[in-house]
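Please look over the sequence and the structure first.

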Amino acid sequence: MTAKNSWWEGAVIYQLMPRSYADGNGDGIGDFQGLTSRLNYLRWLGVEAVWLTPVYPSPLQDGGYDITDFKAIHPELGDLAAFHRFLTAAHEHGMKVILDLVLNHTSHLHPWFQRARWAPKGSTERNVFVWSDDPNRYTEAPVLFRKFEDSNWQWDSVAEQYYLHRFLKHQPDLNYENPWVQEEMLGVLDFWLQKGVDGFRLDAVPFLYESEGTRCEGLPETHDFLKKVRQRVENSGRDVLLLAEAIQPVDEAAPYLADDELHGAFNFALTAHLFAAIASGNCKKLRQCLQDAQTIVPGCRWALPLRNHDELWLGDGHLVPEDVIQSIRSGLPGGHGHWLNWGINRRLAPLLNGDPRANKVLHALLYSLPGMPCLYYGDELGMGDWPGLRDRDPNRTPMAWTSARNGGFSSAPEPLLVLPAITSPGYDYRVVNVEVQKQLPGSLLNWHRRMLTCRRLLPALRLGSFEVLESTHPSVLVYSRCSGSMTVLIAANLSGAGASLQIDLSKWKGSRTREVLWGCEYPVADENWFVYLPSFGFSWWLIGEVEDTDVPSVD
Ligand code: NOJ
């Protein structure tokens, strides 16, 4: 008997920021009421799961990743009842819900931290956080938000000690050496499991423990604790996704995917290589990264993002080599002058200079590679950004729904909006919005919907085996996905110049080939099968005949 697949294997995940998505009560801030009213859209688009950035009470010094109460909802978004209504409605629409869970730190305004500052040195209450008399500890741990902080330590005049913060000084790191912290945070997990959520995106998982002489990332103790997290989920008896946010090279991210640890992890190295391939027109390193990831952890446990609510994180040479970073910095037309901490602070469309062909080829890869494709809200429209806003806010502006005031995001007067709606040339919400694009058959939005429909009709793209094929052209990535009687061949040209190439299809020699998206017949497969791909062009071909039972119906 074959084991039943988990819901998340190969699922298409849509990431959104609830405060920027849809405002239901007209106060200028997105909320659960608004989000619930937009579930029809998400179902129409064809995504399977919605990942919400943090929804908890927070002073919002780091977009909600600075939490003051892990077991409540930020009042601007609603309350637990509103969350429950949203979750129930999402399930009724056939969608799963993934919550962002921040294990590593709290807000400095969290009652635990306020209590810790006043508690005696060395007490359990004080040791809920990581304190030191000496700010020169763990000096090999990089300062992550270096635009805003110059040290990982902050002096506290009440405690008369320094506390550790791997992110902003407003986000003290929890001390996982303290068993009380472990139990409390496992209790948080239980709380949301009982509420019925379907998954957790575990924020900043590498940083739970510290050790002198290391980068303080992914230490053995961290993995031990994550195994306890997994055990809690197993105890619930539910099929719940645990997805790691670890911005690390593939070989360092892979240990989070041990059988008794987390189910999935973002492949951020792949993201960087995708942009490097587009920037340089060469996909050699992208190909290698794909092969490495699939060799180390085969199958669909890697989550595949292009952009998200952060900068396009490239790092200090640890995630991807310096020359890859340089090729992105010099080759991506929209990237110049937008460096934040360790990456480029732009949304996808402007990064690609507004070229929809580049948007399409990158998503055509995401939708056909093994893994969980992650679509960032607004990227299905080619939405723009607002450079000049503080921190990562340029990428977090309101979703553009219609041409009406505030892009249909909110009925509030414009100055009350959480962030300004985009009106910059080429990206104005009066043109780039859901309502307009739904009505234009050739729009980017309709293209995304069509691709997701095709993906559902081709189960080989979801769970099929994966093989990278030889390509005679440096700009073209070629691979196949197979399951049952279904084989899909994919070729993608990552350069702005057209490419003709021969593909060795000898293992399918004599088989029928059909291009899926255009619905046209190609010559039968042979060892010198010839194709032409225009600039940023791609194709998905079905090879051979497909049993009817291998094609699901799409409702
Ligand atoms: C990663 C999140 O994606 C980012 O937005 C946040 O600032 C840090 N973790 C700290 O929580």
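Contact here means heavy atoms within 4.5 Å. The model is predicted.

Ser-506 sits in a loop. The relative accessible area of Ser-506 is 37%. Buried would need under 20% and exposed over 50%, so Ser-506 counts as partly exposed.

Leaving out residues up to four places away in sequence, Ser-506 touches Asp-526 and Glu-527. Asn-528 is 22 residues from Ser-506 in sequence, and their C-alpha atoms lie 7.9 Å apart. Ser-506 also has a polar contact with Asp-504, side chain to side chain, at 2.6 Å.

## How H9 and H11 cross

Two packed helices are described by the angle between their axes and the distance between the axes. Helix H9 covers residues 268-280, and helix H11 covers residues 322-331. Their axes come within 8 Å. They cross at roughly 50°. The crossing of H9 and H11 is left-handed.

## What lines the helix contact

Which residues of H9 meet H11? They are Ala-272, His-273, Phe-275, Ala-276 and Ala-279. On the H11 side, the partners are Val-324, Ser-327, Ile-328 and Gly-331. By class, the contact of H9 with H11 has six nonpolar and three polar residues. It has no charged residues.

Definitions and conventions: Residues are numbered from 1 along each chain as its sequence is written. This is a predicted model: local features need pLDDT of at least 70, side-chain atom pairs count only at pLDDT 80 or more; totals for chains, interfaces and linings use all residues. Side-chain values use heavy atoms; hydrogens and water are left out. Helices (H or I, at least four residues) and strands (E, at least two) are DSSP runs, numbered from the N terminus. Buried means under 20% relative accessible area, exposed over 50%, partly exposed in between (1.4 Å probe, protein chains only). A polar contact is a pair of N or O atoms within 3.5 Å; within protein, one must be able to donate a hydrogen and the other to accept it, and residues adjacent in sequence count only if both atoms are side-chain atoms. Axes are lines fitted to C-alpha atoms, for helices over the stretch in contact, and angles run from 0 to 180 degrees between N-to-C directions. A crossing is left-handed if the near helix is turned anticlockwise from the far one by less than a right angle, and right-handed if clockwise. Ala, Val, Leu, Ile, Met, Phe, Trp, Tyr, Cys and Pro count as nonpolar, Asp, Glu, Lys and Arg as charged, and the others, Gly among them, as polar.
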